[in-house]
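Subject: Structure handover

Hello,

Here is the structure for you to look through. My notes on what turned up follow below it.

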Amino acid sequence: MNSVNTNIMEINIGPQHPSTHGVLRLKVTLEGEKILNIEPVIGYLHRGMEKMAENRNYIQYLPVVDRIDYLSGFFCSYAYVNAVELLMNIEIPIKAKYIRTLTMEMNRIMSHLLWLGCYLLDLGATSPLFYAFIEREKLMDILEDLTGARMMYNYYTFGGVKKDIPVDILKRIYDFAKHFPSSVKEYEDLISDNPIFTSRTMKTGILAKETAEQFSITGANLRASGAAKDLRKDSPYLIYNLLDFNIPVKQTGDSYCRYITRINEMKESNKIILQCLDRLLTDENDNEINLKLNPLSIKPEGEVISEVESSRGLMQCIISADGSSNPLRIKWRTPSFYAAQLLNTIAKNHLLPDLMAVFGSLDIIMPEVDR
Amino acid sequence: MGLFYVIYLDFMRQINIPDWLIIILWHIINFCFAAVLLIFIVLFLVLFERKYLAFFTRRKGPNRVGLNGCLQTAADGLKILFKENILPSGADKFLYFCAPLLVFSPIMAVYCLIPFAEDLTAYNSCCGVLLFMAILSLPPLGVLFAGYSSGNKYSLIGGIRSCVQSISSEIPVFIVLAGIVLLTGSMNLNEITKAQSGIFLNWNIFPSILGFIIFLICSLIIMNRIPFDFPEAESELTAGYNSEYSGMKFAMFFLGEYALTFIFSAFIAVLFLGGYNPPFGVYAADLLNLPLISGAIVKNIEQFFWLMIKTYILILIIMWFRAAYPRLRQSDAIEFCWYILIPLSVFNLFILCIIQFIRGCL
Amino acid sequence: MIMSFLNPLKALLKGLAVVLKNALKPDVTLEYPEKKKPLNENFRGRIKYIKENCIKCGLCKKVCPVKTAIMIGDDFVIDYTKCIFCGSCTEFCPKNALIRTKEYELASKDKNNLIMKENINYGNN
Amino acid sequence: MFEDLKEKFDIIKEDIMVPDIKRFYVSAKNITGVLNFLKLSPSYFFNRLDCIYAKDIKTEFEITYILHSDNYQNKAAICTKLEYDNARTESVSGIYKNANWDEREIYDLFGITFINHPDLKRILLPDSFKGHPLRKNYKMEDERLRWNYE
């Protein structure tokens, strides 16, 4: 009889598991409850986004792009639309820039709220999920009335945005933004100091700044490790250079810091929203939102990298176009893809419950990993 | 035993039933009463918890079946009855079938020990406290069997977790119980209740507030409730020890859990909150000067009512925790038990000794 | 020392208070089949085809991201089993032959109910 | 800015990606050397590999490495061309750790082999998948999935 190592147990977490946020599969090697090795297996949500681009012309691919990251579709949409605009060398109207900034920051808040709720659900608390979703629902309703859909907006277009924002929707956003800080305060009261929460998250999943750089981690995960890197400040796109906001940074790089960073980021996004609303509500004469390009005449040429600081980090859309109606190749650089790779490094030697606490704190979303 | 027993005895003797049968029948009747009551209470609790959590999270909760959802759990129960019973291919059959029974039946059994009213105690044992805890140390074994026998790694981890935490949580519980026995001078639950009669200042919670808190925390661990629901932590272990169970066997775990919540709350109410004693020591039956038999019945009903009130207040608090808190890490919880709760409970016992000494001197 | 014990306790109590405070706020549930959310005209539901306006330019087909959702031959076909409701066709239609409606409850027991087919072969004309 | 890179290595071609990112074409055998130099050399400090992507241009493959320097806030692209049949190149996962999955993805979708890669296997597609779908000559086996209505 072969001797069996009874100390070591291999366990499959996912693809169907309550806390893998979709369809990630983790092959975990355990000794007792201590994790010896994690091997993430991805691809269960692969939809061939990059192959789809080759079969479609530029305007046909536009609605599909929202689905790359369905929690914050505006970022993907912006990266793609901006890439084509850069290739065609056009400048969009200033009002469109404001609207794009406004909607993207709303989307960032929505994404972080969903993350907050789901993360606390991973840790076993049920109420924060509902409190976060109540606020998120308000934003979704606003965006539904603006764009016509709740998640797959298809709102940006080459050369601007598709529709102007009516004043009543701006006022609804304003009401939300005025009320939102008190909601965030409530989440902080409920969660931040809770000794159960802090004992679960502090000193777990410590991500050193050097490791983060080696693994090309961006976004809130990197900022929680002490690097104040944000594309919105480093090389401002749209109108971010005109806005007044801070980059929340934390030093330790554990799960708790990532939580605090995201909470603070929501507050900053709220500030940006208010500033954009100021401009949009005061200047009512400016109605140019769109360059009205002929959708079938878009036949750019060249190779372009378009970047955006999405809610999860640096998102790049690289288009290589050959002057025909279909792109030759589109590459999506998605931040979660690299964060998922990190898991084995930072969650090793933790206990099984910590795996969920660390994994949740990285804010990985599977459609973005698998594309 | 009590007034009811006397009436029952009279009635049975009149219709010529032998004495040995009378006693057996008395216990069977008592048990059936307890079981039926328990099932109804548990079904109600399931619905109650869902409604209650919905209330905290600004939802409506189940509201489709029956009037405002009141038949929801009945419908769920019916659904569970018709579910397929699945036997996993890698399961250890005997243990797999035993485990739900081992979880459910001890919980049913301890039900008989709770004095719901002066004359409403199914089994008035002289060492009720000890028996209660001894029987309740069986369900973790059932959970371990369930985890081991389902042939699923998640279940196994859940089962082992349950075992580990039951060891660490029961020690402080017993030390606190020693304090209670010291205060009341008896291990009989009925006697403990009687020792706390009078106004609410006589309740054990006042000398032993620390003990009460320790007991509440440990009971959360024993009940597997958030923030200590490690054996079935759904975000880590999907459903823990009962992931492979379905149909009635799952229902047994499920009902057992709620029954345990109820019974343990009742137990805490008996130990610390004066059991069936009304908070101001006055019975409506006494005030109204009712005749002997109807007066006794009204008094018993009143006592049952007061115990239920106290139990449900405790359940409300326990469920309130569930609405507000995330789950602890198990290693932290066990450390908390060993390093904080056990020293604190010894300290509590020490204080109670002093109090009892002073009482003795007076 | 005592503060390190009391602060977590305070935070725990604060958590309970927050939950209780929320419990006193009104419900947010929308009881769906009975009550429905009002939709505005932007909503992208089932697409309505107005035969009289159609000039058979085929632009809708060219902008549709799901290439097999719109087919133009003898019949004008929209296949809702494939449509992703992006709204591109209604947006680019030059004569408003395709209009967005607010109908979103498309579930059906028969797949044929989800395929809109309209004959656009005008024969003699 | 890139003078000493040009001195040290043989730059085949140089062009600019929109918006204003210099791209250098180097030969495949030089790629690890170039990346190592760009990462460590104090005048560049390209500390982050943003991504690697491959491109099928019918006759050959192009692999582009996009580098980012936090120090100087700039980007550069290094491009190398591989022959179509039996495409293979050196893995850079020893230099930038995140290249591990990137290279697996390229192996998966393009069939380019990376030498010295720690764990080269399919990542997005199942192991039983046949072919490499992002190659231009890839044909779907399943008729129903093909875009063949036109």
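Predicted model: local features only at pLDDT ≥ 70, side-chain atom pairs only at ≥ 80, totals over all residues.

Helix pair in chain A

Start with helix 2 (residues 58-65) and helix 3 (residues 73-88) of chain A. Their axes come within 9 Å and cross at roughly 160 degrees. Helix 2 of chain A and helix 3 of chain A are therefore roughly antiparallel to each other. The crossing of helix 2 of chain A past helix 3 of chain A is right-handed.

Which residues make the contact between helix 2 of chain A and helix 3 of chain A? From helix 2 of chain A come Tyr58(A), Leu62(A) and Val65(A). They meet Cys76(A), Ser77(A), Tyr80(A) and Val84(A) of helix 3 of chain A. By class, this contact has six nonpolar residues, one polar and no charged.

Hairpin in chain A

Next, look at strand 2 (residues 25-31) and strand 3 (residues 34-41) of chain A. They pair in the antiparallel sense, over seven bridges. Glu31(A) stands opposite Lys34(A), which belongs to strand 3 of chain A. Two residues lie between the strands of this hairpin. Gly32(A) there has a positive phi, near 65 degrees.

Where chain A touches chain B

How many residues of chain A are in contact with chain B? The count is 26 residues of chain A, against 24 residues of chain B. On the chain A side, these elements give two or more residues each:

- strand 1 (8-13) of chain A
- helix 4 (94-122) of chain A
- helix 5 (127-147) of chain A
- helix 7 (195-201) of chain A
- helix 13 (352-361) of chain A

That side of chain A divides into 15 nonpolar, seven polar and four charged residues.

Sheet in chain C

Chain C holds an open sheet of three strands. The order is 2-3-5, and the pairing is antiparallel. Strand 2 (70-72) and strand 5 (115-119) of chain C are the edge strands, each pairing on one side only. From one strand to the next, the twist averages 10 degrees.

Within this sheet, strand 2 of chain C pairs with strand 3 (residues 75-79) of chain C over three bridges, in the antiparallel sense. Ile72(C) has Phe76(C) in strand 3 of chain C as its bridge partner.

Best wishes

How values were computed. Residues numbered from 1 in each chain as written. Chains lettered and ligands numbered in written order. Axes fitted to C-alpha atoms, helices over the stretch in contact; angles between N-to-C directions. Helix = DSSP H or I, 4+ residues; strand = E, 2+ residues; numbered from the N terminus. Parallel < 35°, antiparallel > 145°, perpendicular 65-115°, else oblique. Left-handed = near helix turned anticlockwise from the far one by under 90°. Contact = placed C-beta atoms within 7 Å. Nonpolar A, V, L, I, M, F, W, Y, C, P; charged D, E, K, R; others polar. Pairing = 2+ DSSP bridges.
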